[in-house]
Amino acid sequence: MTTQPILRVDHLKAHFRSSYFGVYREVPAVDDISFDVAPNEIFGLAGESSSGKTTLMKTIAGLITPPLELIGGKAQFSFMPPETNLYGADPAQLARIRWSKLSYIMQGSMNVLNPLRQIRSIFRDFAAVHIGGSNSDFETKTVNHLSRLRLDPSVLDAYPHELSGGMRQRVTIALATICRPDFIIADEPTTALDVIVQKEVLGMIRSIQREMGSSVLFVTHDMGVHAALTDKLGIMYAGCLVEAGRTADIFNAPQHPYTRHLIHSLPRIGDTVQRTGLTGTPPNLANPPSGCRFHPRCPLASDICRTERPMMRQIATEHRVACHAVAGDDA
Amino acid sequence: MTALLTLNNVSKSFTRGGILSRHRIEAVKNVSFTIENNRPEIFAIIGESGSGKTTLARMILGMQEVSGGSLTLEGNRVGGRTRKERLAFMAKVQPIFQNPFEAFNPLKKIDYYLLLTAMRFGGAVDIAEAEAAADVALRQVGLSLSEIRGRFPHEMSGGQLQRVAIARALVSKPRLIIADEPVSMVDASLRMAIVNLFGELRDKLGLSIIYITHDLATAYYIADRLIIMQKGEVVEAGAAREVLSDPQHPYSRQLRDAVLSPQVTGSLSIQ
Ligand SMILES: Nc1ncnc2c1ncn2[C@@H]1O[C@H](COP(=O)(O)OP(=O)(O)OP(=O)(O)O)[C@@H](O)[C@H]1O
Ligand SMILES: Nc1ncnc2c1ncn2[C@@H]1O[C@H](COP(=O)(O)OP(=O)(O)OP(=O)(O)O)[C@@H](O)[C@H]1O
Ligand code: SF4
Ligand SMILES: [Mg+2]
Ligand SMILES: [Mg+2]
């Protein structure tokens with residue numbers, strides 16, 4: 001069964017290029033990444049801190065501003081005319097797409113709510129045009145939607161600084177979901193929530209996604225969230241996608257040495273085993289290791305790893321890995 | 001034993017909303033606990049979103065007045081002192097905030113903060129000493145001064161920024177660190193490296209850490225004692241592993257049961 005993907009990311013490359021006191025720096029934060037997101041699918045993305053997840057999301061959403069530059073490849077949404085992408089789309093086209101087709105909950109966006117506006121006004125600013133109807137209709141819809149996120153109607157009267165971190169985070173999720181977009185990009189949207197509220201919020205995202213048949217790209221470090229919520233999971237390390245597949249397969253049979261480490265570093269209640277972080281230092285992306293970027297920290301590294309970059313290979317149905325030590329077909 | 005930090009029935013109320021919709025919020029209600037001077041520990045605060053954890057942290061840091069009760073550090077009341085006393089206090093108690101994006105001024109370079117902290121609270125007398133102190137602290141969190149020099153906050157990832165914030169807190173060699181969700185933005189591997197680092201700071205430097213988190217598994221892993229908060233109140237308190245293995249209060253049980261396990265996939269797919 002092959003369905004047309006709603007998003008196809010094809011050999012996408014985006015680098016930060018800057019110079020500081022005459023020192024030129026190029027950071028390959030998104031380096032040749034390919035994957036598809038199907039309609040009605042939640043695609044999760046995890047990976048090392050500063051491996052390029054946020055940069056990948058920005059590039060996909062067409063938010064490419066200096067020093068970030070698109071170097072190659074493309075990200076194509078099926079709701080865009082063929083051979084066009086969000087990057088370079090004209091502002092009117094973007095405005096139409098934003099909120100109704102594509103909404104993007106940026107990492108840390110709970111901190112960029114306009115401090116001078118009450119939450120009610122922020123909702124009016126963003127969503128009223130898309131929702132339509134009278135003021136009281138809009139108010140009712142907003143209140144109902146907030147209650148799905150376990151927020152009291154009184155938050156509408158508050159200013160952002162009067163709310164706790166988790167409350168602001170839920171306000172941004174509410175803003176991004178109230179227009180029921182086809183595609184939601186969510187970058188660490190639930191980090192500030194307690195586990196009870198988080199579970200409810202994830203359930204809400206899941207049910208909106210099911211009701212609408214929409215798709216979600218969900219970035220989080222919380223592997224428990226990936227396990228519970230996502231259908232597919234991609235793992236990033238140093239600007240590269242190193243493994244991707246069905247979430248259950250990634251958890252049950254992780255192949256890439258970095259993925260294995262990541263999954264085994266998780267502590268559990270009731271388990272007192274000493275857990276350690278990865279040895280060695282995180283790669284300096286301005287000067288990444290040759291060959292496989294994981295090789296200085298990899299227990300399985302061999303000579304070829306130091307010189308040749310491993311390509312993504314298909315090792316099982318919908319399971320791809322980029323590692324010389326894992327056998328597979330070229331994909 | 002003398003107390004490092006004592007909270008005695010600490011409360012805080014706010015009024016929120018516009019003139020017409022003003023209402024009162026009891027953000028923190030009668031919270032009491034003590035952290036001893038000679039028994040460094042990691043003291044976790046977990047609980048509901050909006051239950052007053054950050055407000056409590058801000059009161060301990062002297063950033064917000066208490067509305068009721070008393071809060072003392074080594075016997076002295078927190079808040080309302082001269083500038084000199086305030087600097088001495090700030091050297092002893094250092095914060096790591098909930099969100100690294102909030103903690104840094106976007107217009108100032110990252111190394112500026114570390115050098116400033118080293119000069120102000122860390123006893124460094126010149127730039128060379130300040131740089132050395134900053135580099136030591138950065139290396140404790142897996143970074144180095146040369147890596148971050150000249151960079152602005154927006155040029156760093158969330159995880160990098162949080163590590164810088166922890167390094168900045170370490171520069172003044174404090175007695176107590178108040179860490180408000182310090183690992184919520186970093187990967188699982190780094191998360192373990194950072195909580196292990198907290199353990200080392202406790203064991204080797206005799207530092208106490210108030211660790212506010214939504215991650216019950218790391219609280220179980222590293223904390224000595226914990227309190228669980230709901231609606232401004234402490235609903236359960238005790239040894240971290242005991243409480244989390246066998247929570248007594250209904251809210252604590254609910255919380256423990258809602259933890260999403262990475263061992264069970266797809267638990268949210270059927271509604
Ligand atoms: N404006 C910028 N200029 C130069 N480098 C940048 C800039 N923004 C980000 N970077 C670098 O690009 C890399 C990827 O950053 P990104 O924020 O995409 O990582 P991430 O995977 O989202 O990390 P985290 O999990 O910590 O949020 C990092 O090394 C970061 O320092
Ligand atoms: N400056 C303020 N003015 C008015 N109300 C406030 C203010 N700061 C906090 N509050 C309220 O106090 C309560 C507690 O907020 P606090 O930020 O302490 O919660 P928290 O436990 O840290 O939550 P989270 O886990 O979401 O970070 C919330 O209801 C919040 O709206
Ligand atoms: S390619 Fe080599 S270095 Fe890279 S992950 Fe595989 S075994 Fe390790
Ligand atoms: Mg990010
Ligand atoms: Mg808080």
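A donor here is an N, O or S atom within 2.8 Å of the metal (3.2 Å for Na, K and Ca), and since water is not among the atoms, sites may look incomplete. Everything shown comes from a predicted model, where local features need pLDDT of at least 70, side-chain atom pairs count only at pLDDT 80 or more, and totals for chains, interfaces and linings use all residues. Side-chain values use heavy atoms, with hydrogens and water left out.

**View 1. The magnesium ion (ligand 4) and its protein donors.** Thr54(A) lies in helix H1 (residues 53-60) and Gln107(A) in the loop between strand S5 (102-105) and helix H3 (119-131), so the pair ties together parts 53 residues apart in sequence. (Helices are DSSP runs of H or I with at least four residues, strands are E runs of at least two, both numbered from the N terminus.) Thr54(A) is partly exposed at 22% relative accessibility, while Gln107(A) is buried at 17%. The cut-offs: buried is under 20% relative accessible area, exposed over 50%, partly exposed in between (1.4 Å probe, protein chains only).

**View 2. The shell around ligand 3.** Of its 13 residues, Cys292(A), Cys298(A), Cys305(A), Cys323(A) and His324(A) come nearest; a residue is near if one of its heavy atoms lies within 4 Å. One of these, Cys305(A), is buried, with 9% relative accessible area.

**View 3. Cys240(A), a cysteine in no disulfide.** Searching the whole structure turns up zero disulfides (pairs of cysteine sulfur atoms within 2.5 Å) over all chains. For Cys240(A), the nearest cysteine sulfur belongs to Cys292(A), 8.0 Å away. Cys240(A) is buried, at 9% relative accessible area.

Key
Residues numbered from 1 in each chain as written. Chains lettered and ligands numbered in written order.
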